[in-house]
Amino acid sequence: MGNCSDDVLNLDSLRKSLVREEDTIIFSLIERAKYPVNSPLYDERPGFSGSLFEFFVKESEAVQAKAGRYLSVEENAFFPDNLPPSLLPPRGSQQVLHPRGASININEQILNMYHKKLLPLITSDGDDGNYAITADRDLDCLQALSRRIHLGKFVAEIKFRESPQDYTRAILAQDKDALMKLLTFESVEEMIKKRVEKKAMVFGQDVDLSENDNVGNYKVNPSVVSRLYGEWVIPLTKFVEVEYLLCRLD
Ligand SMILES: O=C(O)C(=O)C[C@]1(C(=O)O)C=C[C@@H](O)C=C1
């Protein structure tokens with residue numbers, strides 16, 4: 001979203017960014033679902049010190065690091081060790097987040113969820129040999145999911161600033177359950193799950209000029225998108241929020 005500076009930091013504007021990220025996530029899933037699972041991409045390969053997927057992501061992240069992607073506190077690398085420095089100077093934006101919480105990176109969990117849970121649900125079996133483009137589509141999905149989930153840091157910061165007393169009590173007690181309760185809005189979560197399902201129907205339908213809508217023929221199963229949010233995206237965002245808050249007073 002690129003505008004997480006102090007003057008625009010409020011819950012409404014952040015929630016708008018989360019809503020906009022839904023579009024990015026759903027379109028990236030639709031693009032990935034064009035290709036079969038292509039499992040050899042993820043197998044260890046001699047000469048690559050890992051899989052072709054890992055090689056692709058590491059090299060892509062190295063280029064993006066040089067071009068300044070990770071200067072933004074909203075961006076987190078999947079393989080952050082040994083990234084080259086940015087060739088551009090830092091942008092000097094205000095530090096909105098608490099420094100300890102700003103460095104939270106749960107991409108390992110996101111990667112694990114993506115490979116083990118999500119990918120089998122959105123791809124067909126098979127191998128068409130298009131490994132590079134498949135890896136590129138994977139990276140798009142992963143970066144969109146990661147950005148959305150790590151925005152939890154900003155959400156947590158806002159919530160802390162809005163009710164410092166309640167949060168301070170729970171933080172001092174290091175009470176994760178109390179923090180989780182404070183930051184949860186069940187009605188908001190329900191609305192999100194319904195909305196992403198509807199978006200997947202709208203974005204993923206075949207469009208042609210005949211009278212008959214191609215209802216029911218979706219590029220990514222809308223109920224999988226709703227499940228993705230309910231079981232992984234929202235819980236992981238909340239995990240980031242709790243982790244951020246736990247160290248907010250350090
Ligand atoms: O909108 C918020 O208040 C958030 O904290 C974000 C979010 C989400 O991940 O979408 C997480 C927890 C809330 O229960 C509702 C929604």
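**Overall fold.** I counted 10 helices and two strands in the chain; helices (H or I, at least four residues) and strands (E, at least two) are DSSP runs, numbered from the N terminus. This is a predicted model, in which local features need pLDDT of at least 70 and side-chain atom pairs count only at pLDDT 80 or more, while totals for chains, interfaces and linings use all residues. Residues are numbered from 1 along each chain as its sequence is written, and side-chain values use heavy atoms, with hydrogens and water left out.

I read the order of elements along the sequence as α-β-β-α-α-α-α-α-α-α-α-α. The radius of gyration is 19 Å, close to the 18 Å that the globule rule gives for 250 residues, so the chain is as compact as a globular protein of that length. That radius is taken over C-alpha atoms, and the globule rule is 2.2 Å times the number of residues to the power 0.38. Along the principal axes, the C-alpha atoms fill a box of roughly 55 × 50 × 30 Å.

**Surface and contacts.** I looked up the accessible surface of the chain and got about 13,200 Å², with 52% of it belonging to carbon and sulfur atoms. Accessible areas come from the Shrake-Rupley method with a 1.4 Å probe; for residues, only the protein chains shown count as cover. Of the 250 residues, 44% are buried. Here buried means under 20% relative accessible area, exposed over 50%, and partly exposed in between (1.4 Å probe, protein chains only). I then took contacts (heavy atoms within 4.5 Å). Among those between residues at least 6 apart in sequence, 78% join residues at least 24 apart.

**Ligand.** Which residues are closest to the ligand? I found 14 residues around the ligand, the closest being Arg15, Arg148, Lys159, Phe185 and Glu189. A residue is near a molecule or strand if one of its heavy atoms lies within 4 Å of it.

A polar side-chain atom of Arg15 lies 2.6 Å from a ligand oxygen. For Phe185 a polar backbone atom is 2.7 Å from an oxygen atom of the ligand. For Glu189 an N or O atom of the side chain is 2.5 Å from a ligand oxygen. Taken alone the ligand exposes 360 Å², and the protein buries 100% of that.

**Lys159.** I went on to Lys159, which lies in helix H6 (residues 152-162). Is Lys159 buried or exposed? Lys159 counts as buried because its relative accessibility is 7%. Leaving aside neighbours within four places in sequence, I listed its contacts as Leu11, Tyr167, Leu183, Phe185 and Glu241.

The side chains of Lys159 and Glu241 make a polar contact at 3.5 Å. A polar contact is a pair of N or O atoms within 3.5 Å; within protein, one must be able to donate a hydrogen and the other to accept it, and residues adjacent in sequence count only if both atoms are side-chain atoms. The two side chains also meet in a salt bridge (3.5 Å, N to O). Lys159 is in helix H6 and Glu241 in helix H10 (residues 222-246), so the pair ties together parts that are 82 residues apart in sequence. Glu241 is buried, at 5% relative accessibility.

**Other salt bridges.** A salt bridge is a side-chain nitrogen of Lys or Arg within 4 Å of a carboxyl oxygen of Asp or Glu. By this rule I have 21 salt bridges.

- Arg69 pairs with Glu75, the closest N and O atoms being 3.0 Å apart. Arg69 is partly exposed at 22% relative accessibility, and Glu75 is buried at 16%.
- Arg169 and Asp166 meet in a salt bridge at 4.0 Å, N to O. Both lie in helix H7 (residues 164-172), three residues apart, about one turn of the helix. Arg169 is exposed at 57%, whereas Asp166 is partly exposed at 36%.
- Arg20, Glu22, Asp23, Arg195 and Lys199 are linked in a network of salt bridges.

**Asn107.** I ended with Asn107, found in helix H4 (residues 107-122). Asn107 is buried, with a relative accessible area of 1%. Leaving aside neighbours within four places in sequence, Asn107 is in contact with Asn76, Ala77, Phe78, Ser146 and His150. I also took the C-alpha separation of Asn107 and Leu142, which are 35 residues apart along the chain, and it is 8.6 Å.
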